[in-house]
Amino acid sequence: MDEQHGISRNVRLSATVRGRVQGVGFRYWTRDQAEQLGLVGSAVNQPDGTVGVVAEGPRGAVEQLVAALESGSAPGRVRGVETSYAAATGGLSGFDVA
């Protein structure tokens with residue numbers, strides 16, 4: 001079954017968020033957004049100053065998370081979000097911040 005038959009498959013988002021996104025509560029805000037959308041995954045500070053976001057769930061909810069990340073309402077200053085999508089791998093529970 002697939003989206004053509006009314007059933008949306010879960011997808012996995014891998015995103016790199018650039019800008020002033022460390023030390024401003026960005027990861028915790030991202031977790032709150034993801035949990036409200038029913039997504040699982042993580043938001044992790046990277047050594048280069050970016051934040052890596054992995055989220056799994058229905059495509060529509062994942063796309064809503066990306067829209068929130070790009071909306072300008074996140075803490076700090078997002079200068080860009082690079083995204084890639086794949087099939088969900090499962091095995092995640094909750095939304096971790098590291």
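What covers the buried residues of H2? In this predicted model, the cover includes S1, H1, S3 and S4.

**Figure 1. The open sheet of 5 strands, with mixed pairing.** The strands follow the order S4-S1-S3-S2-S5. Strand S4 (77-87) and strand S5 (95-97) form the edges, each pairing on one side only. On average, neighbouring strands of the sheet are turned by 15° against each other, direction ignored.

**Figure 2. The antiparallel pairing of S1 with S3.** These two strands are joined over 8 bridges.

**Figure 3. Helix H2 lying across S1, S3 and S4.** H2 runs at about 150° to S3. The helix has 12 residues and reaches 17 Å from its first C-alpha to its last, close to the 16 Å expected at 1.5 Å a residue. Just after H2, Gly-72 takes a positive phi of about 90°.

**Figure 4. The buried face of H2.** The buried residues of this helix are Ala-61, Val-62, Leu-65, Val-66, Ala-68 and Leu-69. Seen down the axis of H2, they fall within an arc of 160° and so line one face of the helix. Elements that cover these residues include S1, H1, S3 and S4.

**Figure 5. The largest nonpolar core, with 22 residues.** The members that touch the most other members are Leu-13, Val-17, Phe-26, Leu-39, Val-53, Leu-65 and Leu-69. Two or more residues come from each of strand S1 (10-20), helix H1 (26-36), strand S3 (51-58) and helix H2 (59-70). H2 gives the most to this core, with 6 residues. In soluble globular proteins, nonpolar side chains tend to be buried together.

**Figure 6. The surroundings of Leu-65.** Leu-65 is one of the buried residues in H2, and it is also among the core residues that touch the most other members. Leaving aside neighbours within four places in sequence, Leu-65 is in contact with Leu-13, Thr-30, Gln-33, Ala-34, Leu-37, Leu-39, Val-53 and Ala-55. Among these partners, Leu-13, Leu-39 and Val-53 are themselves listed with the core residues that touch the most other members.

Terms used:
Residues are numbered from 1 along each chain as its sequence is written. This is a predicted model: local features need pLDDT of at least 70, side-chain atom pairs count only at pLDDT 80 or more; totals for chains, interfaces and linings use all residues. Side-chain values use heavy atoms; hydrogens and water are left out. A nonpolar core is a set of buried Ala, Val, Leu, Ile, Met, Phe, Trp, Tyr and Cys residues joined through side-chain atoms within 4.5 Å. Buried means under 20% relative accessible area, exposed over 50%, partly exposed in between (1.4 Å probe, protein chains only). Helices (H or I, at least four residues) and strands (E, at least two) are DSSP runs, numbered from the N terminus. Contact means heavy atoms within 4.5 Å. Two strands pair if DSSP finds at least two bridges between them. Axes are lines fitted to C-alpha atoms, for helices over the stretch in contact, and angles run from 0 to 180 degrees between N-to-C directions. The expected span of a helix is 1.5 Å times one less than its number of residues. The arc is that of the directions from the helix axis to the C-beta atoms.
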